[in-house]
Amino acid sequence: MYRTAARRLLGAGFTTSRLLRLPKPRPTTTIIPYSYCTSSMESPIGNQSVNPNQSDPTAAREEGHRRDESRKPRAEFQEEQARVLAASLRHVPRLGWTEEAMIAGSREVGVSPSIVGSFSRKEAALVEYFMDECLQLLIDRVDSGLDLQNLIPSERVSKLVRIRLEMQIPYMSKWPQALSIQAHPVNVPTSFKQRAMLVDEIWHTVGDGASDLDWYVKRTVLGGVYSATEIYMLTDDSPAEYRDTWAFLDDRVKDAFDLKKSIQEAKYFAQDIGAGVGKSFQGLMNGVMQTMSTRGGRSSAF
Amino acid sequence: MALRSISRRFGSRVLSYRSSSLASLHSHATSFGFQQVKEEEKSKLVGNVFTNVASSYDIMNDVMSGGLHRLWKERLVGKLSPFAGMKHLDVAGGTGDVAFRIFDAVNSVKRRALRKVDEDSLEETQIYVCDINPNMLNVGKQRAAERGLGDNKSLVWVEGDAEALSFDDNSMDGYTIAFGIRNVTHIEKALAEAYRVLKRGGRFLCLELSHVDIPVFKDVYDLYSFKVIPNLGELIAGDRESYQYLVESVRRFPPQEKFATMIADAGFEKVEYENLVGGVVAIHSAIKL
């Protein structure tokens with residue numbers, strides 16, 4: 001369920017702003033200038049937007065001269081934002097997840113740094129863009145044939161979490177800042193959603209078929225394991241590229257699976273007890289019903 | 001009065017507005033408050049108003065808005081997010097309120113401490129204050145001198161018309177117009193000029209008195225506007241007519257959605273507006289891409 005949602009959302013490249021557009025049907029929420037009608041970007045909701053060329057000839061004729069001027073392709077704001085953020089990531093190791101990094105990024109792309117002022121929750125926009133990109137990369141890695149066949153589920157989970165965390169290595173010096181940005185109350189809804197999608201994606205890949213209460217438990221537990229490993233990684237100086245972190249990760253995943261087994265056992269136990277109690281309760285109810293019907297039958301005989 | 005803000009992006013009702021917008025634009029160009037005037041005359045009449053009010057402009061702003069105009073301008077500059085090395089144009093900013101705030105934002109100690117040395121940021125910040133009325137500019141220059149910024153090269157005071165700016169194409173990172181666009185004869189020309197001088201990625205921000213729709217509050221606001229303000233004008237500035245013009249011109253100005261459509265028609269993207277104090281004031285923002 002989430003995977004198709006993820007595809008649809010990430011296909012356009014930017015989760016948070018798309019989320020704003022998701023509740024449909026709704027008329028277009030962004031004004032698209034009449035002279036910009038041929039949109040090269042896919043926009044699921046934008047199709048009901050203006051197409052004045054056909055419906056209002058007089059006005060179109062009047063402003064026709066302006067249409068000629070705009071023969072150069074007009075970039076949509078989302079695209080520009082994505083481009084600026086992508087360029088900004090290169091400056092993050094040096095400047096941190098800050099406006100300075102985004103200003104440097106925008107200069108690289110050839111756009112005035114003023115555009116940074118219009119990003120909602122500025123630094124959070126950069127961090128969220130990065131999280132989306134990493135999720136997309138993970139999905140791509142999985143799709144392009146990651147070998148998981150010979151591994152038991154706990155090892156698969158380990159491998160996927162490791163791949164995802166390795167994407168953060170270049171930014172490790174500034175990652176604590178990113179975490180604190182994600183923890184701001186304003187940013188929590190989005191960061192929570194992104195992590196939920198990540199965890200869902202990992203379970204989906206591992207081959208999870210649960211649909212009941214188990215679904216939530218699994219994702220919560222994996223979320224916890226992921227966060228714990230992420231934080232452990234921040235202070236890991238082990239020699240061979242975070243060897244200690246991966247050991248920590250494996251241990252935690254094993255614990256989680258053991259926990260899962262224990263929960264499962266506890267559930268069966270509860271069911272058995274429930275069945276026993278239920279049977280005796282049912283017997284009692286049957287007895288009561290019979291007594292009432294015979295008594296009623298006797299009275300109606302009159 | 002609590003500061004409430006509603007931020008909305010609006011639906012594309014370009015079609016229905018196109019036919020009625022031409023009529024209303026014409027009506028804006030020939031309206032001086034509730035009076036009808038010739039287009040050529042409007043500019044002169046507005047000029048007279050501001051020559052008269054220039055010296056007491058700031059005091060009257062404080063009295064009329066209860067000091068709130070300062071908060072509104074802070075919000076405007078906050079939205080702009082000025083950065084070092086920025087080239088900014090503040091139109092109709094005669095007495096320099098917005099310009100000084102931008103200057104402070106860029107040069108605040110905190111900012112300077114955090115600034116990483118980068119070749120680009122070594123460019124000087126330039127804030128141009130443009131106003132059609134020399135009297136307003138003089139008041140602004142005086143205030144700059146009082147703050148010790150009289151000789152500062154970052155602030156440049158320019159006399160000019162919002163409908164025909166003397167700046168180059170694609171030269172500005174930011175363009176603000178606070179409580180000025182209402183007084184322009186041809187709004188669409190001012191918007192077109194704004195579009196012209198902005199660089200790619202540059203932002204357009206407009207702070208203006210706008211329309212209130214909330215039922216009871218609207219009546220209170222109307223009462224305040226038409227009964228209290230002209231009297232204050234007479235009492236404090238000795239000029240009832242100018243303030244009568246002011247409140248009337250607010251009513252004649254297009255409402256938030258219509259104005260946003262006009263901004264989009266000028267070619268801007270990501271047009272949004274935010275209502276402050278229930279619509280008494282609105283900040284429209286857009287980006288040139």
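This is a predicted model: local features need pLDDT of at least 70, side-chain atom pairs count only at pLDDT 80 or more; totals for chains, interfaces and linings use all residues.
Helices (H or I, at least four residues) and strands (E, at least two) are DSSP runs, numbered from the N terminus. Residues are numbered from 1 along each chain as its sequence is written, and chains are lettered from A and ligands numbered from 1 in the order in which they are written. Local features need pLDDT of at least 70, side-chain atom pairs count only at pLDDT 80 or more, and totals for chains, interfaces and linings use all residues, while side-chain values use heavy atoms, with hydrogens and water left out.

The residues of α7(B) that are buried are B:Met136, B:Leu137, B:Val139, B:Gly140, B:Arg143 and B:Ala144. They cover an arc of only 160° around the axis, which puts them on the same side of α7(B); the arc is that of the directions from the helix axis to the C-beta atoms. On the face turned away from this buried side, α7(B) carries the exposed residues B:Gln142 and B:Glu146. At the start of the helix, a side-chain oxygen of B:Asn133 reaches to within 2.9 Å of the backbone nitrogen of B:Asn135, and after the helix comes B:Gly148, whose phi is positive, near 85°.

One of the buried residues of this helix, B:Arg143, also takes part in a salt bridge with B:Asp58 (3.5 Å, N to O), a salt bridge being a side-chain nitrogen of Lys or Arg within 4 Å of a carboxyl oxygen of Asp or Glu. Because B:Arg143 lies in helix α7 (residues 134-146) of chain B and B:Asp58 in helix α3 (residues 57-65) of chain B, the pair ties together parts that are 85 residues apart in sequence.

Elsewhere in chain B, the side chains of B:Glu74 and B:Arg101 meet in a salt bridge (3.0 Å, N to O). Here B:Glu74 lies in helix α4 (residues 68-80) of chain B and B:Arg101 in helix α5 (residues 97-107) of chain B, so the pair ties together parts that are 27 residues apart in sequence. B:Glu74 counts as partly exposed at 45% relative accessibility, whereas B:Arg101 is buried, with a relative accessible area of 17%.

Terms used: Buried means under 20% relative accessible area, exposed over 50%, partly exposed in between (1.4 Å probe, protein chains only). A polar contact is a pair of N or O atoms within 3.5 Å; within protein, one must be able to donate a hydrogen and the other to accept it, and residues adjacent in sequence count only if both atoms are side-chain atoms.
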